[in-house]
Structures are given as C-alpha cells and as structure tokens.
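Please walk through this model from the fold of one chain to the contact between two chains.

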Amino acid sequence: MNSIHDMGGMHGFGRVEPEVNEPVFHAPWEGRVMALYRALGFLQFWTIDGGRAALESLPPKTYLTASYYARWLMGLERNLARAGIVGADEIEAGRSLRPAQNHPPIMTVADVANLQRGNFERPAASASRFRPGDRVRTVNLNPVTHTRLPRYARGREGLIEAVRGCHVFPDTAAIGAGENPQWLYTVVFTGRELWGADADPTLSISIEAFEPYLAPA
Amino acid sequence: MGDDHNHHHEHPDHSELGEMQSRVRALESILTEKGYVDRRTLDLIVDAYETKVGPRNGARIVARAWVDPEFKARLLTDATAAANSLGFPSPVGAHLIAVENTPQTHNLVVCTLCSCYPWEVLGLPPVWYKSAPYRSRAVIEPRAVLAEFGVQLPEDTRIRVWDSTAETRFLVLPTRPPGTEDWSEQRLADLVTRDSMIGTGLVRGP
C-alpha cells in the first residue's frame, strides 16, 4: 500500500541523529515487545509479511509519532485480534476472557538457542526469466495491500545484477493468498534514473525485486 | 515532523513510560495465561539480544576476512555459510550477503520500507537506522547522510546503496585501515564498528 512506511526519497524528516552508547532497549517494555514478537512469530499465526502489513496499515500520523517498539506493539495487538488470539475486549480488560485456541507447540527455552531467521527460499516451479546483465523495467503497481516494490523504484529501468533464488512472495503471503514463490533479483538503478538529472552521478541504488515486479526493458 | 517531536517519542517521559510498561505487561499476562508464550523464554530472548547477539559477531567475520583471503572469498560468495563456519552462539540464517568496500566503491545499507537488518551478525538495529530521516534520505542523498556520521568520501568514490526490500540481508565488509598489517585477528575485530558494517562508518586506523 502507498502509505507512510514507504519513505525512500522523501524530504523534510531532518537530520539523522545517532545516539552515543545507545542501549539495546530504551526501556524494559521494549525488550518484552521484541520478545513477544519473536515468541508469537514462532507460532506462525501470521507470516512475516503479514506482520509488516499490520504496521503499514497503522494510520500515518500514528506511524510517524509512535516509537518503533510502540508501533510493533500496535501491530502485534492488531494481528492478535485478527487471528482471534487476544481480542480487543481482553486487551481492554487486561486479562484473558476466553480459553486459548488449539495451537502448535509454543517457543521454549530450548528454542532460544536457535534464534536464527526463517529461510524464505522455496523450490522453483520454472526457470528464472532474467539473468545477470539483463535490462529490466519495474512495473507500475499501486496495490492497496502489501508490496515490497518501493514507490521510488516503480516504472524505472535497471540492470539485473544477481539472481537470489526463488522466495516466498510477500504480496500474496501478507494477505493469506499463499507463498506463491517467485524468483528474486538484485536490480540496480543509477541515481539519475531514480532521481533525475540533478542526482549524484556517483550514486547507484539497488532493490531486491521479485520477478512479478519486472518486465524486460 | 520536526526533530524535537521525533526525539520526544523515542525517549518518552515518565508517564508514557509507565503507560507502555503496564500495557505491555497486561498483554504479556494475557498471553501467558492463555499459554501462548512462556515467561522464561521471553526473558531469554531479551537476554540473547542484550548480551549475545550483537555487532561483535559481525566484527569477527570482518576481521577473519581481512586476515584470511580464502575465508573472504567464501564470505563474498555465500556469507551465511562462511559466517556459520566461525561458530556463533546462534546460527546465522539464510541469505546473508556480504558486500565489499573498495577504494572505488562504498556500500551503504538501508531498509526504506521497514527495518530489515542482519540481526544475527549486528544485533538489533539502532534507533536511527529505523528512523524516518535515515530511511528517507539514504537512497537519495547518501553523501549528506554520511556527512552527519562524520564520513567524507572522495568525490569520485562510487556509492552503492542497498535497499533491503526482501529477506536477503546485507553486511558491509569495510576496508582494512592502513597501519594494521601486523595486527592479530582479535585486535582487528576490536577496531571494527557496527556503523562500518552498515556503511555509515569507516574503520579508522591506529
């Protein structure tokens, strides 16, 4: 969706402000939200893309003014309600009002030793359409649902630099329409292609683009 | 949104802090009561990111690549496999990609759409990496962003920005600083900063 999360190339947000000796968490609740997110992710009530989609559908004003882990909490509450795990009434009441649903085994202490990310590569149903060195143009799409093609790189000409394998397609996975695996490519654009004649001539930018985002140039 | 506003919300005052703390505690209780999460597991996850999974892991990878050309070649071909050959407390997942800085090209990593970051080798991302200023500007004016980190590159150095729009994750292999030729791998690792592995910093020599 074309919402505020898609920030590449926007102006007006001010300086980047690195914090000296930044702690991992700025308050204990941030760590708890992160841990809840991981532990609930383990149960696969929603996909990683469904988790991102929930954050992107926060109202833009909320997205911009809430801190990062506050957004995660809001996204979590949204997905928990949608999956029927914790209702809005239970969050309001601050306690459980219904028994749990049937669910897979929960994340245990032993699982924490193996905190590695999921692997999103899948067997390919067909050969990849593009090869390194091919010129491509990204499509122009504006779905109201989740996509990983940023606005700044739509309808632009670039070069296939690498083929990264066949991966779960976020656009369908996020809306419960299946993994629908697609070839994934690193596509590189010149700064001038994306930002016009005044762009830094030394700049190039790459995105990781799924095959449905690409057409031959 | 002005900087003050942003600043305010990343560092909430005490009333907000109390409100968030109780809201999260309530959610955690509901989920624990229903049996969806286990408190000890949550404690351990927090502990892992506070004490075990952090940029020291990435620094070990970089230092090894600087002293071992064969490892460096494997790192640039399959970074996940190369990283796992070093044996970290929790294994590195699929599709880590290492990108090498050279005198001609400087690499910078961003996630304009959310906050994708190589957690397993760098830990959790800093606030600035997830912030609107970095996400919006890294792809359009990286030199200005680098200047805010105190990094000035020669005018003819090419800049390559990697937007992490899928489940691939990027680790910058920074340039080994001059004057460190006879340094041990451990001493080199101590020199490697987190920002140098994102591309917003350079590794400074002695």
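The model is predicted. Chain A contains eight helices and five strands, and from the N terminus its elements follow the order α-α-α-α-α-α-β-β-α-β-α-β-β. The C-alpha trace of chain A extends about 55 × 45 × 35 Å along its principal axes. Of its 217 residues, 41% count as buried. Among contacts in chain A with a separation of 6 or more, 66% link residues 24 or more positions apart.

Helix α4 of chain A covers residues 68–82. Just after α4(A), G84(A) adopts a positive phi of about 75°.

Turning to the two chains together, 76 residues of chain B are in contact with 76 residues of chain A. On chain B, the elements that each supply at least two residues to the side touching chain A are α1, α2, α3, α8, α9 and β3. Of these, α2(B) gives the most, with 12 residues. By class, this side of chain B has 39 nonpolar, 19 polar and 18 charged residues.

Strand pairing also crosses between the chains. Strand β4 of chain A, residues 203–210, is joined to β3(B) by four bridges, and the two strands run parallel. Within this pairing, L203(A) stands opposite I159(B).

How values were computed. Residues numbered from 1 in each chain as written. Chains lettered and ligands numbered in written order. Predicted model: local features only at pLDDT ≥ 70, side-chain atom pairs only at ≥ 80, totals over all residues. Expected span 1.5 Å × (residues − 1). Contact = placed C-beta atoms within 7 Å. Nonpolar A, V, L, I, M, F, W, Y, C, P; charged D, E, K, R; others polar. Pairing = 2+ DSSP bridges. Buried ≥ 20, exposed ≤ 12 C-beta atoms within 10 Å, placed from the backbone.
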